[in-house]
Amino acid sequence: MLDFIARRLIAIVPVLGVVAVFVFLMLRLTPGDPAAVIAGDNATSDQIADIRTKLGLDEPIWTQFAIWISNVLQGNFGESFFFKKTVAELIAQRVEPTLALATCTLVFAVGISVPIGVMAAYRQGSLIDKAVMGFSVLGFSVPGFVIGYCLIYVFAIELGWLPVQGYVRIGVNFWQFAERMVLPSLTLSVGFVALISRITRASVLEVLNEDYIRTARAKGLSNRVVLMRHALRNAAVPILTVIGLGIAILIGGAVVTESVFGLPGLGRLTVEAVLSRDFPTIQTVILLFSVVYVVVNLLIDISYTLFDPRIRY
Amino acid sequence: MRKVLKRTLAAMVAGAILSSAGPVLAQGKVVKFVQNGNLTILDPIWTTAYVTRNHGYFIYDTLFAADENNVVKPQMVDKHEVSADKTVWTFTLRDGLEWHDGKPVTSEDCIASIKRWGARDAMGQKLMDFVKEFKEVNPKTFQMVLKEPYGLVLDSLGKPSSQVPFMMPKRVADTDPFKQIDSQIGSGPFVYMNAESKPGEKHVYTKNAKYKPRAEPASGLAGGKVVKVDRVEIIEMPDPQQQVNAIAAGEIDVIEQPPHDLIPLLKKEKGVALYNWNPLGHQFIFRMNWLQPPFNNAKIREAALLSIRQEDYLKATVGEPEFYKVCTAAFICGTPNAVNAPGDLFVKPNFEKSKALLKEAGYDGTPIVLLQSTTLPVLTNMAPVTKALLEQGGFKVDMQSMDWQTVVTRRTNKGPVGQGGWNIFHTFSVAADILNPISTSYMVANGDKAWFGWPNDPEMEKLRDAYAKETDPVKNKELAAAVQARALQTAQYGWVGQWYGPGAMRSNISGWLKAPVPVMWNIEKK
């Protein structure tokens, strides 16, 4: 097992190398000059050129890459062109809302989708099954920002139960934190619920036709025990796989959801950095997202062993 | 186990109630303000971004400031004198001016601040061209010695919009003008709370208890800057629809400038009032590239001007006539330098004359590259109108859509369109930035050093210099008219309408001053 984890961790290095080169080149080759953005609308070409020199953007692209990558290898991710802060500081400030949003979304998504997926499988062809499948199609089809605005209109504006937007840090006021997480998490979890419930239904349906389920029923076990202990556990591997792959959806969705709900997280930092061409920030945040994606999927791989003893690394 | 769970829950509830009560009691009256964009850069000399200028007005003060009628009045200055030959200006600071760290504001701070601003701002650079030296007479008095009389000394030092000559402590103002400052110490009516401010989330300002406002009532950016709330929080909220939802729900108090298409929603909200805090408004322009064909030909530029109808732009971008004005004066209607353009120019297009000029100039039908910004709502509809009008005037137009930051980058390219260059783009200015030929960067015509489009017209530069040196307001008005006439003669650029963007505030907010900048002193919250 340790050997497997070590190998997977080592495999992260080339992945990050490719991501680093790709992101760096993509940013330099697409139009957009941070110096022009910084200088503002009334600046002249000379002023922009001066700022470009101060930021080192007039150096050849490979020199810029060599400087950046050697700094990154030393743990120095550089300073934001705009915020007058190191990128590490910026990320530290912005990580909490994203982490909170991702955690609440996962809790909502798994908490809702797995039971309804199991129910849909157990009652295949029933109204519940059709409702779950219908919701699943809807959840995939409707963009997150539309769902967000609908939830805001109903729960924040018409009913006034929850705030429209904003974020309060968990350490400042727990209840204000909680009430501000409900709508964004629900918004982001809709697509996730659609995905996981569909996979859960399919996996459980497949398992329910296995001989050992029939045997369990013949032994007189209750439906609950059959479903939870025998069916769901054996259907867990594909569900976990989908949750792992869904982390990419979660990251992409966080960008939109944080913008709609005014959450000052990494998703919004990414949007702000892209719009202002804040190269050091974009590069580091994308590297960070890559690490998160790879590590989460490693953890998912490891968790397979908990549900299926036949899997050994 | 259940007991432990119950106790834990009880402790969480108690902690949550206590933590929610604490900050509210401590903060007093708080105004939550949403600006038109994120505040990322905190150095108002380093960038011309309006959100950064607004930040500057919170924490810094100015030597002079323009009142509601655009008359420049002393602000940090107690008295000022000018020598008989108009070359020596002596400024004496008011008593009791202090930086936020408690140190007194001195002459050397002000001299360093003027020098740093003068290195970056177009109007400051012009002023510095005339400055021979600064002399510190004593800690409260300093002199600006000019090489020759300059008519815009007070207008420059009281410049209301980007970049504003804010006064900073010498140790801060000595920073290279092309590097960001790393201190937020000013002497203004608010103190920036660095520890509480989180870029991307909020910026916090508290009342500067030591600030000594002028005795005169507040007017525009001048007069007594009396802070009537305990704290202002700039909330970073990028989504305009959410700004409207949040003010309707009472979560925020003031929106700087909601987009025009959301104004009908705000009008329906009972607890929200719209307020035109910037009565001068803004002006749209379009800029042509003098370096590349076809606009390197004056006749073809003139043809473009002849195809313009301001109202088409204003209807497409602003919509409601109460928020726009057809104005053919370059220096903003209703201000001293305003003179209407001759005939029907900009009001009624003359497509036949445009086509005739194009024929005469030998326009070969090569499509002109028009840059369309799609990310600034107020600019998005400008380019399609230009395309339609110019095509009626005989041009072929290749409209290329991109985000505003790409426009900002691409317009710096002086090369041919085939190498990433351009022919036309649009932008807009706060009217206060363009009230005379010196502050209006679009009027600069010194070739490579001019603003994008790089017009080269020595005659225009002579007129601008004459305006700068003239100290008689009547003659200045004549010179401003001559500058506008020259700009039309060479078709230097096109001004395509004046517009207004009201702010929105909760009905318990009052005292928002009329000025070119949204300022938070004088504001009350019931």
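Into which domains does the domain assignment divide chain B? The assignment gives domain 1, made of residues 33–234 + 508–525, and domain 2, made of residues 282–499, the bounds being taken from an automatic or database domain assignment. The structure is a predicted model, in which local features need a pLDDT of at least 70 and side-chain atom pairs count only at pLDDT 80 or more, while totals for chains, interfaces and linings use all residues. Residues are numbered from 1 along each chain as its sequence is written, and chains are lettered from A and ligands numbered from 1 in the order in which they are written.

For the complex, the predictor gives an ipTM of 0.78 and a pTM of 0.85. Confidence in each residue is expressed by the predictor as pLDDT, on a scale from 0 to 100. Chain A averages a pLDDT of 88, with 99% of its residues scoring at least 70, and chain B averages 92, with 95% of its residues scoring at least 70. Over residues 12–25 of chain B, however, the pLDDT is below 50, and this stretch has 11 contacts in the model beyond near neighbours in sequence; two residues are in contact if their C-beta atoms, placed from the backbone, lie within 7 Å.

Within chain B, the centres of domain 1 and domain 2, taken over C-alpha atoms, are separated by 31 Å. The two parts touch through 16 residues of domain 1 of chain B and 15 residues of domain 2 of chain B. On the side of domain 1 that touches domain 2, the largest share, three residues, comes from helix 4 (residues 122–130) of chain B, where helices (H or I, at least four residues) and strands (E, at least two) are DSSP runs numbered from the N terminus. That side of domain 1 of chain B consists of eight nonpolar, four polar and four charged residues; here Ala, Val, Leu, Ile, Met, Phe, Trp, Tyr, Cys and Pro count as nonpolar, Asp, Glu, Lys and Arg as charged, and the others, Gly among them, as polar.

Some backbone details of chain B also deserve attention. Most residues other than glycine have a negative phi, and most peptide bonds are trans. The peptide bond from Ser162(B) to Gln163(B), however, is cis, with omega near -15°, and Gln163(B) sits in the loop between helix 5 (153–157) and helix 6 (170–173) of chain B. Pro293(B) and Pro294(B) are likewise joined by a cis peptide bond, with omega about 5°, and Pro294(B) belongs to the loop between strand 13 (282–288) and helix 9 (298–306) of chain B. Ile332(B), although not a glycine, has a positive phi of about 70°, and its place is in the loop between strand 14 (324–325) and helix 11 (351–361) of chain B.

Chain A has 12 helices and zero strands, and its C-alpha trace spans about 85 × 55 × 35 Å along its principal axes.

Helix 8 of chain A packs with helix 7 (residues 144–158) of chain A at an angle of about 140°, their axes being 9 Å apart; axes are lines fitted to C-alpha atoms, for helices over the stretch in contact, and angles run from 0 to 180 degrees between N-to-C directions. That angle makes helix 7 of chain A oblique to helix 8 of chain A, since angles under 35 degrees count as roughly parallel, over 145 as roughly antiparallel, 65 to 115 as roughly perpendicular and the rest as oblique. Among the residues that meet here are Ile147(A) and Phe155(A) in helix 7 of chain A and Leu183(A) and Val190(A) in helix 8 of chain A, and the contact as a whole has nine nonpolar, four polar and no charged residues.

Helix 10 (residues 223–261) of chain A comes within 9 Å of helix 5 (residues 87–122) of chain A, axis to axis, and the two cross at roughly 140°. Helix 10 of chain A also meets helix 11 (residues 266–276) of chain A, with axes that come within 7 Å and cross at roughly 90°, and these two helices are therefore roughly perpendicular to each other.

Finally, the contact between the chains takes 43 residues from chain B and 46 residues from chain A.
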